[in-house]
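Look through the sequence and the model before reading on.

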Amino acid sequence: MRGFLASAVGVSCAAALALPLTLPTTTAAAAPATPTQGSVPGSTQSLPLAPLTADRAAGGAAARQQGLPQRDVRPFSLVGVVWNDPSVALHGQVQVRTRATGTTTWSAWQDVETHNDDAPDPGTAESSGRTLRGATAPLWVGDSDGVEVRVQAGGGPDGSDRGDATAEPLPQGLRLELVDPGDEPAQGAPADAPRAGTLTAEAAAASAVNAELAPLGATEIPALTKQQTEDALISARGGDTEGAQARPYIGPRPRIVTREGWGADESLRESQFLYTNSVKAAFVHHSASGNNYRCSEASSVIRSIYRYHVKSSGWRDIGYNFLVDKCGTIYEGRAGGVTKAVMGAHTLGFNTDTMGIAVLGSFGSSNPPAAAVKAISQLTAWKLGLYGVNPKGSTYLTSGGGNLYSKGKNVRLKVISGHRDGFATECPGRRLYNQLGTARTTSAQLQGR
């Protein structure tokens, strides 16, 4: 199903249209935004990888082992590896080690997840209108100023070359991406205080689509009680909140930190917003960026992932519709309005009529915090409730094409699914995936089912 593009300028001028079930109309194709003054600073260092062995013959070790020796770099906090062709998978192992800024201490080798299955759907405006790249998952390493990386095709667990001449060669154009998230946004004003006078045009547009929920420039959308949430939905649908109208199944609106709140540099993303028709399901992810962050650093982690998705992977915006940190705080992801059916780039083949929720961390062998699972329940109870969807139910989605379901196949999936249900991947990690049953039950209860 084709998505809809909405002009950021048009949204700014029509903030009052930010009703949950109202969709913008189609406009001209999107164009990259131009940087403006006042952006939250940040940067990306992109360093080409080279063969690590003396054998540089064609088809030899040079095709199977690349990397970067230890070197000093400008400060960064997140790393990843990208390559030219997003349709090519990296079959092998990526490991990095880093040096904490201002020290001589190097970390142990850390694995970087090599999946490249968070992506725009084939044939969409996002996939055809930009230069996309294949990419590993990003890894949060904290403030660092030294790095070393090794990439091994079909290598052993220590990154060594086992001499497997049959291993698939590494993708072309391997580069190491080092992301500095920049400074935290200014603090001190009340979280919901209007900041319209200090916003860039892009920031105003990103905030305007939430104008019925919080003042322009607010750093958070405040929580509502269940009664308040029900009344707001009935009113938006033209009903009488004082009459005998049946109460909708919807959970109380949770507190959500806005893009302004986590410090999104709105000049990075494309200026227009991309929508689909509805929200029929939610796909749960883990960011695979590691668990070595404090909750106070979550905004920095999100700014880094945002920059990695846009500048390194070539996407129009951050891929996820929402993000959740280990303390259970919910963050607005891709721009376009938290109540709207914003098309993300989170589950290759199933970005249409769905939303993607990423929990910051890696949960293959680590248990997800209870606060994060609770936040998934709260967020889905509210957002799915806006669209009349039962979190414990199932729905049919049409695949846009992926490695699990061919393009055009009609697939029956649970309304709250894990990434692996729509794409052959380990995401959201076994431990988080095992908690989705609890999330479905709690979400339905919050809706009053």
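Q: How many cavities of 30 Å³ or more does the count come to?
A: The model is a predicted one. A probe the size of a water molecule, rolled over the atoms, shows where empty space is left. With the cut-off at 30 Å³ or more, the cavities number four.

Q: About how much space lies in the largest cavity?
A: The lining of this largest cavity is made of 13 residues. Those nearest its centre are Ala206, Ser207, Ala218, Thr258 and Glu260. The space in the largest cavity is about 100 Å³.

Q: Which helix gives the most to the lining of the largest cavity?
A: Two elements give two or more residues to this lining: helix H3 (201-208) and helix H5 (259-262). The lining divides into six nonpolar, three polar and four charged residues. The element that gives the most, with three residues, is H3.

Q: Which strands stand at the edges of the open sheet of seven strands?
A: The sheet has the order S10-S11-S15-S14-S16-S13-S19, with mixed pairing. A strand at an edge has a single partner strand, so one of its sides is left without a neighbour in the sheet. The strands in that position are S10 (220-221) and S19 (416-418).

Q: What is the bridge partner of Ala282 in S19?
A: Strands of a sheet pair through backbone hydrogen bonds, either parallel or antiparallel. Strand S13 (residues 281-286) pairs with S19 in the parallel sense, over three bridges. In S19, the partner of Ala282 is Ile416.

Q: At about what angle does helix H7 run to S16?
A: Helix H7 covers residues 370-386 and lies across several strands, among them S11 (256-257), S13 and S19. Strand S16 (354-359) is also one of those it lies across. The angle between H7 and S16 is about 165°.

Q: In S8, what is the bridge partner of Arg97?
A: Strand S5 (residues 92-100) runs antiparallel to strand S8 (residues 139-153), and nine bridges join them. S5 is also joined to strand S6 (residues 110-112), again antiparallel, by three bridges. On the S6 side, Val96 has Gln110 as its bridge partner. On the S8 side, the partner of Arg97 is Glu148.

Q: Is Ser77 buried or exposed?
A: Ser77 lies in strand S4 (residues 65-83). Beyond its neighbours within four places in sequence, Ser77 is in contact with residues including Leu139, Trp140, Val179 and Pro181. Its relative accessibility is 7%, and the cut-off is under 20%, so Ser77 counts as buried.

Definitions and conventions. Residues numbered from 1 in each chain as written. Predicted model: local features only at pLDDT ≥ 70, side-chain atom pairs only at ≥ 80, totals over all residues. Heavy atoms only, no water. Pairing = 2+ DSSP bridges. Helix = DSSP H or I, 4+ residues; strand = E, 2+ residues; numbered from the N terminus. Buried < 20%, exposed > 50% of the residue type's maximum accessible area, 1.4 Å probe, protein only. Contact = heavy atoms within 4.5 Å. Axes fitted to C-alpha atoms, helices over the stretch in contact; angles between N-to-C directions. 1 Å grid on protein atoms, 1.4 Å probe; cavity = no way out; pocket = protein on both sides within 12 Å on 5 of 7 lines; lining within 4 Å. Points joined across faces, edges and corners; volume = space filled by probe spheres on them. Nonpolar A, V, L, I, M, F, W, Y, C, P; charged D, E, K, R; others polar.
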